[in-house]
Amino acid sequence: MAQPITLSPEALAERVTRIFLAGGLSQLQAETLAATIVAGERDACKSHGIYRIEGCLRTVAAGKVQPQAEPELQDDGSPIVRVDAKGAFSTAAFAIGLPVLVERARQHGLAAMVVNSCTHISALWPEIEAITAEGLAAMVMCPSYSTVAPAGGSAPLLGTNPFAFGWPRKDASPYVFDFATSVMARGDVELHRIEGRPLPEGTAVDRDGNPTIDPAEALAGAMLPFGGHKGSAISTMIELLAAAMIGDLNSAECLDYLGTTTLGPHHGELILAFSPERFAAGRADPFARAETLFEAILGQGARLPSQRRFEARKRSAAEGIALTAEEVEMLERLERA
Ligand code: NDP
């Protein structure tokens, strides 16, 4: 049995990159995917950490992602920047489109990046933070595969459709939220199943549409949107903007294409970037006004989203990332494969 170990984020990224290179990924795909997965592990977001590696490799083995594809930037000089991922992992497409998105958002005040034909297994906050680091506000959304019933319905139709937003701050970590529009992210339901933990009430229905707290029954049935009809509508908006509007697969079509929910979903992604200065157009300083709002929130004893993550990040930088014996065993097994 392997022993638990602690690794620096850099050392873990090297190991994960090597696993992906051996698994047939191009250098860009391997490096960007490893960086995103290790960022999840570093920030204590276990559902998007190293546990995702095997799913990525399974998707490669199933031929549902193109590990050597080179995403293509299709730039017509407009504020809509397109990247055709050509079936690659989304992280590589995002890396190629980011500099142009940033340039266009500064130029026009508002720009969008449309990513088409990618496999997207990631949390959205790494992309949000790459944009807020440039002093821009950002929104990111994508569909997934049909695992969520619309409010009032009983069968999978919508995806867990993540939605994220970020606001840059001059002297602090950015304001970032990033969540699934289902009550719980599917990766978390899977972690509950692996760990034998029941789900909170109201998370899911079973195959017959009855409420269940059994994660296995939930995975076979349908998850529920957060906030009832409100989350259901936001999730539907994501199907419209990040699938129908950008000419890519929606969650139902993605499930048809894959035929399973055990592989990384294949679809598109919509990324929006805003220049707060350009929108404010010389009126009151948007950044100062934002700080007043954040202070008022914190002043009530509430916390800002991502605060937990940023604290975990600081801990990981100082103390390293602690991996359990099972996680080390998984890495070693993948390294031997
Ligand atoms: P959570 O419910 O764990 O967190 C949602 C957000 O709310 C986070 O930004 C979190 O910050 C913040 N938050 C949590 N508690 C509080 C609080 N008490 N006060 C203020 N803010 C709070 O997220 P989900 O489980 O819904 O999603 C997890 C991840 O799964 C996301 O990163 C999402 O992108 C990803 N995902 C990806 C999909 C894909 O297909 N690619 C599909 C669905 C989800 P903090 O992290 O600091 O706690």
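**A first look**

Modeller: Glycine 77 is exposed, as its C-beta has 8 other C-beta atoms within 10 Å. Please bear in mind that this is a predicted model.

Biologist: Where is glycine 77 found?

Modeller: Glycine 77 sits in the loop between strand E2 (72–74) and strand E3. Glycine 77 and methionine 330 are 45 Å apart in space, C-alpha to C-alpha, and 253 residues apart in sequence.

Biologist: What does alanine 93 touch?

Modeller: Leaving aside residues up to four places away in sequence, alanine 93 touches Pro71, Val83, Ala85, Ala88, Val115 and Cys118.

Biologist: And helix H1, which of its residues are buried?

Modeller: In H1, the buried residues are Leu12, Ala13, Val16, Thr17, Ile19 and Phe20. Seen down the helix axis, they fall within an arc of 160°, so they line one face of H1.

Biologist: What covers them?

Modeller: The cover over the buried residues of H1 includes strand E1 (5–7), helix H2 (27–42), helix H3 (53–61), strand E12 (321–323) and helix H13 (325–336).

Biologist: How far apart are the end C-alpha atoms of H1?

Modeller: They are 20 Å apart, which agrees with the 20 Å that 14 residues should span at 1.5 Å a residue. After H1 comes glycine 24, whose phi is positive, near 100°.

Biologist: Which residues other than glycine have a positive phi? I ask about lysine 86 and serine 117.

Modeller: Both qualify: lysine 86 has a phi near 55°, and serine 117 has a phi of about 55°. For context, most residues other than glycine have a negative phi.

Biologist: Where are they, and is each buried or partly exposed?

Modeller: Lysine 86 is in the loop between strand E3 (80–84) and H4. Lysine 86 counts as partly exposed because it has 16 C-beta neighbours inside 10 Å. Serine 117 belongs to strand E4 (residues 110–119), and it counts as buried because it has 21 C-beta neighbours inside 10 Å.

Biologist: How many residues of helix H5 are buried?

Modeller: In H5 (residues 125–132), 7 of the 8 residues are buried, so the helix is largely enclosed by the rest of the structure. The buried ones are Trp125, Pro126, Glu127, Ile128, Glu129, Ile131 and Thr132. Their cover includes H2, H4, strand E5 (137–141), strand E6 (163–167), E7 and strand E11 (266–274).

Biologist: And in helix H6, which residues are buried?

Modeller: In H6 (residues 186–195), Arg186, Gly187, Asp188, Val189 and His192 are buried. Helix H7 (215–220) and strand E10 (222–223) are among the elements that cover them. Glycine 196 follows H6, with a positive phi near 70°.

Biologist: Now the ligand. How many residues surround it?

Modeller: The ligand is surrounded by 25 residues, of which the closest are Ala123, Pro162, Phe179, Ala180 and Arg308. Strand E7 (175–179) and helix H12 (307–319) are the elements that give two or more residues to this shell.

Biologist: How do the shell residues divide into nonpolar, polar and charged?

Modeller: There are 12 nonpolar, 8 polar and 5 charged residues in the shell around the ligand.

Definitions and conventions:
Residues are numbered from 1 along each chain as its sequence is written. This is a predicted model: local features need pLDDT of at least 70, side-chain atom pairs count only at pLDDT 80 or more; totals for chains, interfaces and linings use all residues. Two residues are in contact if their C-beta atoms, placed from the backbone, lie within 7 Å. A residue is near a molecule or strand if its C-beta atom, placed from the backbone, lies within 6 Å of it. Helices (H or I, at least four residues) and strands (E, at least two) are DSSP runs, numbered from the N terminus. Ala, Val, Leu, Ile, Met, Phe, Trp, Tyr, Cys and Pro count as nonpolar, Asp, Glu, Lys and Arg as charged, and the others, Gly among them, as polar. A residue is buried if 20 or more other C-beta atoms lie within 10 Å of its own, exposed if 12 or fewer, and partly exposed in between; C-beta atoms are placed from the backbone. The expected span of a helix is 1.5 Å times one less than its number of residues. The arc is that of the directions from the helix axis to the C-beta atoms.
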